[in-house]
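Student: I have a new structure to read. Could you walk me through it?

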Amino acid sequence: MTDQTHQPRIERSDLPMIALVGRANVGKSTLWNRIVEERRALISAEPHTTRDRNIAQALWRGCMFEVVDTGGLDTEEDEMGRGIRRQAERAVKDADLVVFMVDGRTGVVEEDRRIAKQVRKLNPNVILVVNKIDKPRDEEILHERALYSLGLGAPVPVSASTGKRVGDMLDAVYNLLEALDRRPPEAEPK
Ligand code: GDP
Ligand code: MG
């Protein structure tokens, strides 16, 4: 249950939180849906589980964490855009681990570099994920210098829409959380 007396912008539990970040259309929402799919189905029947639409619990290898789809670091400079952006920045800052996503189809573009720079200032714990690696042929992008020049380490490939290698990515996330002393707790047995 959440603590109503203390209200940060994003309602959160003490589970480790990962934030999905990246420019529009890299596949944040698709990956978010894939990661939280199972857990959301499990919790949807319970009360007290209503949260911001874009944050949900996920279960991986029997352990629980939270995933937030930030989706707003690239919004317009109008009033609503600024509000959404502030929320996204808050989520990046608060996250235990940031999953920075790029589109493996388009490769790295200027907007990716801009957001990566911003993210590195807000949170040093970032894993670089290259999405839309649907087929072996798509893997060529993984050798591009531009990916390494983001300064976020070696890229981890996934295909959010097919689900390929999402499990390997979650293993990497789990290991990093553990290394950061934020090991996801085991879900309570039914
Ligand atoms: P967001 O703006 O970052 O939330 O991106 P979305 O999740 O809305 O995805 C943007 C587009 O990319 C949609 O048309 C998705 O179907 C497509 N997409 C997402 N993941 C993949 C993937 O792994 N492979 C391919 N080929 N397309 C994807
Ligand atoms: Mg989205």
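**Around the ligand**

Tutor: Start with a polar contact, a pair of N or O atoms within 3.5 Å. A polar backbone atom of Ala160 sits 2.9 Å from an oxygen atom of ligand 1. The protein covers 69% of the 580 Å² of accessible area that ligand 1 has on its own, by the Shrake-Rupley method with a 1.4 Å probe. This is a predicted model: local features need pLDDT of at least 70, side-chain atom pairs count only at pLDDT 80 or more, and totals for chains, interfaces and linings use all residues. Residues are numbered from 1 along each chain as its sequence is written, chains are lettered from A and ligands numbered from 1 in the order written, and side-chain values use heavy atoms, without hydrogens and water.

Student: How far from an oxygen atom of ligand 1 is the polar side-chain atom of Lys28?

Tutor: That Lys28 atom lies 2.8 Å away.

Student: Which residues come nearest to ligand 1?

Tutor: Near means a heavy atom within 4 Å. Of the 15 residues around ligand 1, the nearest are Asn25, Lys28, Thr30, Asp134 and Ser161.

Student: Which residues of helix 3 are buried?

Tutor: Helices are DSSP runs (H or I, at least four residues), numbered from the N terminus. Buried means under 20% relative accessible area, exposed over 50% (1.4 Å probe, protein chains only). In helix 3 the buried residues are Asp112, Ile115, Ala116, Gln118 and Val119. They cover an arc of only 165° around the axis, so they lie on the same side of helix 3; the arc uses directions from the helix axis to the C-beta atoms. The face turned away from that buried side carries exposed Glu110, Lys117 and Lys121.

Methods: Helices (H or I, at least four residues) and strands (E, at least two) are DSSP runs, numbered from the N terminus. A polar contact is a pair of N or O atoms within 3.5 Å; within protein, one must be able to donate a hydrogen and the other to accept it, and residues adjacent in sequence count only if both atoms are side-chain atoms.
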